[in-house]
Amino acid sequence: DYIGRVGAMASLASLGIITSHGFQIDPGFKGNLHCCIFNAGLKDFELRGGAPIVSVGIMPLSATPAYDESAARHRIEAQDRDRIASIFRNDVCDRLIRDAIRRRVLIEFGNDGAKARLSDLSIEILDASADAALADTVQSALNGLQTLRAKPGAAREDREKYASFFGDIAERLYLTGEQARWALRCLGLPIGTADTLVATLRDGADAVVPLPTKSARVSLRHLARQLREDPLDLILMLAGARLYQAQTG
């Protein structure tokens, strides 16, 4: 559920170096990118290994695209690409959680810049950029939850405030079957094409985990219940703030 945009480097264009390439990298593409380089300048230009030639912007789509046979026909086996692809796939759940938090942040603009306010958690951050203020507010919310989960003796008011906020997110955040599979993959649990999976959980027990099919969805809270996890801890695990490790004791 990502798409790529390929662009030229302004620093090269100013020297008369023209690059010709495909503009879009389709979702599901796997392989090498090719481009042509033409020197339209008056001076020689030396190509050096590792020097930037083109820029690539990778952006998330609002929904997972339908499977395209043409993308499969262009796939090329390349082991060094597998690690990169896994990074973006594991980012799916983190992005869903952060987007759910972002929707509750209010942005105000003033002479000093942009102010992001998350009233439910009493977080307020001012920055010159609205995007930076928003990102910092979301990260502060996750950091606060992580700190409180590690300190059960923290003030009751703070614990209840964060539990209410993130509990509501877990209740309202719905995952498709594919997104639920990515959540299991992010935790390191086995996934497959079957609608019902049997996974060994952190407590060592095998559990049946039914996943939604077609247009159906499952809430993050319900998925946590199936995995025998606290919804707040599952949010931290999927956001990369906590590891999914076997329970001890």
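**Burial, Sheet and Helix Packing in a Predicted Model**

Reader: At 14% relative accessibility, does R95 count as buried or exposed?
Author: In this predicted model, R95 is found in helix α3, which spans residues 79–102. The residue has a relative accessibility of 14%, and the cut-off for burial is under 20%. R95 therefore counts as buried.

Reader: Which residues does R95 touch, not counting those up to four places away in sequence?
Author: R95 belongs to helix α3, and the count leaves aside residues up to four places away in sequence. With that exclusion, the residues touched by R95 are D1, Y2, P60, L61 and R102.

Reader: Which strands stand at the edges of the open sheet of three strands?
Author: The order of the strands is β6-β7-β8, and their pairing is antiparallel. An edge strand has a single partner strand, so one of its sides is left without a neighbour in the sheet. The strands to which this applies are β6 (106–110) and β8 (123–127).

Reader: Which residue of β7 stands opposite I107?
Author: β6 and β7 run antiparallel and are joined by five bridges. The two strands form a hairpin with two residues between them. Opposite I107, the residue in β7 is A116.

Reader: Which residue of β8 is the bridge partner of A114?
Author: Strand β7 comprises residues 113–118 and pairs with β8 in the antiparallel sense, over five bridges. In β8, the bridge partner of A114 is D127.

Reader: Is S122 buried or exposed?
Author: S122 is found in the loop between β7 and β8. Its phi is near 55 degrees, a positive value in a residue other than glycine. The relative accessible area of S122 is 58%, and the cut-off for exposure is over 50%. S122 is therefore exposed.

Reader: How many residues of α8 are buried?
Author: In the protein, buried residues make up 34% of the 249 residues. In α8 they include P231, D233 and L238. Helix α8 is largely enclosed by the rest of the structure, because its buried residues number eight of the eight.

Reader: Which residues of α8 make the contact with α5?
Author: Helix α5 (residues 156–172) and helix α8 (residues 231–238) pack with their axes 9 Å apart and at an angle of about 75 degrees. That angle makes α5 roughly perpendicular to α8. On the α5 side the contact is made by A163, F166, G167, I169 and A170. On the α8 side the residues are P231, L232 and I235.

Reader: How many residues of the contact of α5 with α8 are nonpolar?
Author: The contact residues include F166 of α5 and L232 of α8. One residue of the contact is polar and none is charged. The number of nonpolar residues is seven.

Reader: To within what distance of the backbone nitrogen of L232 does a side-chain oxygen of D230 reach?
Author: R228, in the loop between α7 (220–226) and α8, has a positive phi of about 60 degrees although it is not a glycine. Just after α8, G240 takes a positive phi of about 80 degrees. At the start of α8, a side-chain oxygen of D230 approaches the backbone nitrogen of L232 to within 2.8 Å.

Technical notes. Residues are numbered from 1 along each chain as its sequence is written. This is a predicted model: local features need pLDDT of at least 70, side-chain atom pairs count only at pLDDT 80 or more; totals for chains, interfaces and linings use all residues. Side-chain values use heavy atoms; hydrogens and water are left out. Axes are lines fitted to C-alpha atoms, for helices over the stretch in contact, and angles run from 0 to 180 degrees between N-to-C directions. Helices (H or I, at least four residues) and strands (E, at least two) are DSSP runs, numbered from the N terminus. Angles under 35 degrees count as roughly parallel, over 145 as roughly antiparallel, 65 to 115 as roughly perpendicular and the rest as oblique. Contact means heavy atoms within 4.5 Å. Ala, Val, Leu, Ile, Met, Phe, Trp, Tyr, Cys and Pro count as nonpolar, Asp, Glu, Lys and Arg as charged, and the others, Gly among them, as polar. Two strands pair if DSSP finds at least two bridges between them. Buried means under 20% relative accessible area, exposed over 50%, partly exposed in between (1.4 Å probe, protein chains only). A polar contact is a pair of N or O atoms within 3.5 Å; within protein, one must be able to donate a hydrogen and the other to accept it, and residues adjacent in sequence count only if both atoms are side-chain atoms.
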